[in-house]
Each structure stands twice: as structure tokens, then as C-alpha cells.
Amino acid sequence: MNNSTSTGTAMASASAASYLEFEKPLYRIHLEIEQLERDQLDGGRDFSKDLKDLRQRLKQMTKRLYSHLTAWETVLVARHPQRPLSPHYLGTMVRDFCEIHGDRLYGDDKAIITGFGRIGPHKVIVIGHNKGRDTSERIACNFGCAHPEGYRKALRAMKMAEKFGLPVVCLIDTQGAYPGIGAEERGISSAIAVNLREMSRLKTPIVCCVIGEGGSGGALGIGVGDRVAMFEHSFYSVISPEGCAAILWRTGEQRKLAAESLKLTAKDLMRLNIIDSVIKEPMGGAHRDPMATAASLEKYFTDSLRDLKRYKVDTLLRKRYERIRGLGSFFEKASENAKEPVESKPRSPSASDSKISVKSGSRSMTGMKRSSQPAS
Amino acid sequence: MIDRSERIDVPKGKWDRCEGCGHMLFHRELQENLFTCPKCDHHRRINARTRIEQLCDPESFEEFLKDLVPTDPLKFKDRVPYSERIKAQQDKTGETEAVVVGKAYIRGRPVILAVMNPAFIMASMGSVVGEKITSAIERATDEALPFVMVAASGGARMQEGMVSLMQMARTSAALARFDDAGGLYIVVCTDPTTAGVAASFASLGDLILAEPKAMVGFAGPRVIANTVKQELPEGFQSSEFMLEHGFVDRIVSRTDLRKEIGRIIDYCGK
Ligand SMILES: [Zn+2]
């Protein structure tokens, strides 16, 4: 890890803006602490004991609040204005990052960053959405909503990874692909579709993590691989809760209900067998300790790549196909006992054990739950 | 994604008004013209069975995976529980789901065929749709047959959430293997081919045909208009638009589809 700070770090001094609507109780304690600290400075009286108690209370309350986030609260945390973005991980988890630009066809889409770098002992190609931190950066990268050239740049980087035997690491953080005229003209459907097909057969390991927002096809466009993880308070959904509410309930007001119904949290998606791991976040969310968050992610990628590199390419691709083939497989046969769902073959022998591996109270990330002996 | 319960080729009386030009047509004439208007060439949406009848050699279609039905993995309930929506659609259409797959002959050439059914929740893609299409592709790979996909879809089946999104990955992965095996994949985009279906298997054909004036595109036009805050160009997200921008090979009238598919198979099939 190098310590170069980047756009992602924050929270040294929390302000009202860093507290979300549902964190009001936390903010009140925070204000009390600030007041006492000022009083202590001004009046010279010693409040150290009260301060200690207050800080303890703040910690406990944060812990309690974050151990039972609703789906909608998770969405808010995942979209937190100070949540670490891809550039944060590129500056901390990735060493010696060397960005490459352009799709060699049309342009360079800043909504997706690609480049070489090292994660732990592994030389890799990194691909990540960038939502942008300040206003000008956000506008330059369309708030992380990529155009076809972004997906094609990602594919170009992946093909290069394949050619030179580097694994691919993807950081997913987008509301979705950019819904615009140019995107349609330049074939956004085709660009995403081609990535899905090519990622399923790329002859090098691919590991993905949803670091913030996993928005539908725009997320999946760099989200097919051997392993897919999500941060504890990230979300991944086929449609935004707001969009879903507008269509199904005919009102955006039902976004909380929509968020709940869509089963978009890491925990839910683990249960549905759609992701492989949940990576623990620091107490109170990634934005409260971006460096620790990056360390967890680094460990996840380092461990996953070590496992995956042991497979021969044929085995890797066979396992990847089986994994993808088993995703979202829920159906039953009308002619048979309607009560017994035919969930097609489990993705691996260990698919049934401990799917949910979020453990509380530690900063360490969850272990790889799937056994990973090379099969050939 | 959107359940516009539109009337799809179930005209009652003898006469029918063309949705394109308003011309009154004798129903029999419309049917003989494969539900396209002889005056303005408007292509009416047709259900999967009608399509199969039009496309395949008589009696040649042999359906598989007919009995797969959706479960309700999310236990989803909006204004109506998902399970009830499904039941209502099944009763309305007489189909179990939004795609029909099987083996067929088109002008004497054997193919694996998948036809999406816009009459069933606008052919939105859930787990069963994904499973049937993936299995059909695997079958085409095993039997070394061309795979023909008549695509139509409003997009993801929202009520299946992420389960729905994963169907894009499954179908595309199966197509990668089919491609590796040298299989010929022909897509026919029909009205509407959008969103998750457009951004997966419908865009991966070796050849991509489209019926005239079908809506073909990724994002919903209203979403785009709200984002870019400008009027959308005339003919935006149509078959013709996709042809102009290089994402469709040929626009083919419904009445020529059999001939065109047969011809492509003769050039590329094995
Ligand atoms: Zn007409």
C-alpha cells in the first residue's frame, strides 16, 4: 500500500453534509461532542470523561444503526457523496497505476478508467467506473455513466490482459450506462452485449467487485467473471429503486418499498447466489475509513487472484461457464410437483455452505467460501 | 419491463384498421399478408405461435422446455403479487412464459429457433426466458445447427430483480461457446427489441436482421429525453436508425423472412 491520498478520502472532520438523513441521531451526538470540545478549550474545564462517554455512545450507535440498514438506507450509503470511488482504490490498493486511454475506435470515455497496476503480488489490468468527485470531474465523466466507447475501452484493456497473461480486476460503480442519443447511435446495446460474451471466454482470470452502485446493464458490462463480490453497503440492481417505483407503483414515493422488493443488497444477492462474497466495510460505512476499506478490497483481490491463477485456462473457463450458467436460475416444471422448484445444478460442490459471510465487529474481509483446489 | 396489455393479432370482426395508416383491411387479407399492411407496410406485433406458423415449414416445429414456469424468487409484490401477474398472463395467452423454443425447419433447413412473445408481459426477460434461450443455444451447439432468434422485449422482468439481469450474462456466455464451435446465429429484431435483451443476445448475431420500423434500442426514449433535455431525432431507435448506424445488417419485410433466413443459412450454415 502506498499512502498517496486521493479524491476518495474524507471524514477526518465530519460535517453535517457527511451525515445521511437516517443518521440524525449520530449527528446529534457529533454536535454534542463538538460543543464540549469547544467548551473545554474556552473554559479550561476538563470534560474528558464526558467526551469519552459520548464518543463511546457514538460508536455504539453507529454500529447498531449500520448492523440493520434497510435496503433504502443501503442505497443512500452506497451513493454517499464521500464514499470512496475507483480513483481512491487506484491510488491506494493499486501500486504503480499506469492508466491507458481510449477505445481506438471513437474516443476516451472518462466514465471508465483502465490501466496496468499491481495489487499485492499480482500484476493486473484494472477497469473501474468513475463517478467523479467534484462537479467538474463529475461532468467530465458523466457521473460514471459510460458510453459505448467506455465499454469498448474496457474490452480493449481486457483483450490486452488476455494477450499478456494479466488477470483483470473490475471495480463497479455506476447508475447505469449513459442514456443518451450518442450512446444509442454508437451502439450501447452492442457494446455491452459484446463485453458480456467476451468476458465469459476471456482466457485470463477476472475478479469483480461492486464498490458502490451496481446499476443494471451498465454495471454488468464490466461485471462478468470468475468471482464477483460486493461491498457490504453497496447495492446491485436491475433498475434504480426510483425507476422501479415510477413504473410499478406509478409514483417515485415508493422508492423505499421498491428498494426492499428488488433484493438489491449484498446480503440478499448472496442468498440468491448471484454474488460470491460480501466484503466487510468499516463501521459506519466505507466513507468513514477509506484506507481500511481499500485494505479489505486489496486482500479480497489478492486472495482471489492467488486461487484463480492456480487453474489451467481450460479449467478456469469451464468453471466460469458453470458459474455464469447457474446465475439466476429459478424455475420449475409445470408438469411436476409445482411445489418443488428445479434450481438447476449448484454452481460448485460447496455452493450450499455458508453463503452469508458478513461477520460483525471486524474489519477483515470475508473469506472465499468456495473451495478452490485446482481441478486438473 | 412494461406491461402494456396491447391487443396482439386477436382481431374479432371481419375488418381491421391498420395501426400504421388507418386503412380498413379485410382481416383475411391481413392474415395472408402475415399481419403487415399492404398499403403502408406497417408490421403488426404478432404472438409467438403466429410467428412460428409463418416462419417454419408446416408441422415442422418441435417445441422443447414447454413446461418451464417461473417461480417467484424475490416474492415480489407491487400493486399485484408477481405470482398473480404471471398467472393472469398465462391465462390470457395460453403460454407458460415469454419465449417459445424448439427445433424447426425453415425452407427445408433445420434450425434451433427461439421466438419471444410480445403478448406475454411484453416479452420481458426473467429466469425462465433466460433458461430456455440458454438451453436452446446449448442445443444448437450440441447438434451443430444454426440458431435463429426472433427477438422482442421490453427489457428485464423487474419483478425478478437481479435474477433477471443475470439472464443477460447466461445467454451471452452460451453464445460465446456457440461462436467458438462455429455456429451460425441469426437474429431478427422485431418490435420492440430493447434494454437488457438488446444489450445481450439480440446484439450478438453473426447476422442481425430487423423488421421495418421496429423499435430497437437500449434506454427508454423518455429516459433519454429527460437526460439530454432535447428533442429526440426523427426515427430515433428504429430498425432504420440501427441500420444507418451500423448495428443491423438488413431490414427485411416479414413476408421475405423465410427466404432471407434460408439464403443466409445456405451461405453460412454447415
Ligand atoms: Zn397501413
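Q: Where is the place of Leu202(A)?
A: The model is a predicted one. In chain A, helix H8 covers residues 188-201, and strand S5 covers 206-215. Leu202(A) sits in the loop between H8 and S5 of chain A.

Q: Is Leu202(A) buried or exposed?
A: A residue counts as buried if 20 or more other C-beta atoms lie within 10 Å of its own. Leu202(A) has 25 other C-beta atoms within 10 Å, so Leu202(A) is buried.

Q: Which residues does Leu202(A) touch, not counting residues up to four places away in sequence?
A: Residues up to four places away in sequence are left out here. Thr302(A) lies 100 residues from Leu202(A) along the chain, and their C-alpha atoms are separated by 20 Å. The residues that Leu202(A) touches are Met158(A), Glu162(A) and Val168(A).

Q: How do the directions of H6(A) and H8(A) relate?
A: Helix H6 (residues 148-163) and helix H8 (residues 188-201) of chain A pack with their axes 8 Å apart, at an angle of about 20°. Angles under 35 degrees count as roughly parallel, so H6(A) is roughly parallel to H8(A).

Q: What is the make-up, by class, of the contact of H6(A) with H8(A)?
A: The crossing of the two helices is left-handed. H6(A) contributes Pro148(A), Tyr151(A), Arg152(A), Ala154(A), Leu155(A) and Met158(A). From H8(A) come Ile188(A), Ala191(A), Ile192(A), Val194(A), Asn195(A), Glu198(A) and Met199(A). By class, this contact of H6(A) with H8(A) has 10 nonpolar, one polar and two charged residues.

Q: What share of the residues in chain A is buried?
A: Chain A has 14 helices and nine strands. Among its contacts between residues at least 6 apart in sequence, 70% join residues at least 24 apart. Of the 376 residues in chain A, the buried share is 49%.

Q: Which element supplies the largest share of the side of chain B that touches chain A?
A: In all, 54 residues of chain B are in contact with 48 residues of chain A. Elements of chain B that each supply at least two residues to this side include strand S4 (68-70), helix H4 (127-143) and helix H5 (161-180). By class, this side of chain B has 31 nonpolar, 16 polar and seven charged residues. The largest share, 15 residues, comes from H5(B).

Q: Which residue in S4(B) is the bridge partner of Phe331(A)?
A: Strand S9 (residues 331-333) of chain A pairs with S4(B) in the antiparallel sense, over three bridges. In S4(B), the partner of Phe331(A) is Pro70(B).

How values were computed
Residues numbered from 1 in each chain as written. Chains lettered and ligands numbered in written order. Predicted model: local features only at pLDDT ≥ 70, side-chain atom pairs only at ≥ 80, totals over all residues. Axes fitted to C-alpha atoms, helices over the stretch in contact; angles between N-to-C directions. Helix = DSSP H or I, 4+ residues; strand = E, 2+ residues; numbered from the N terminus. Parallel < 35°, antiparallel > 145°, perpendicular 65-115°, else oblique. Left-handed = near helix turned anticlockwise from the far one by under 90°. Contact = placed C-beta atoms within 7 Å. Nonpolar A, V, L, I, M, F, W, Y, C, P; charged D, E, K, R; others polar. Buried ≥ 20, exposed ≤ 12 C-beta atoms within 10 Å, placed from the backbone. Pairing = 2+ DSSP bridges.
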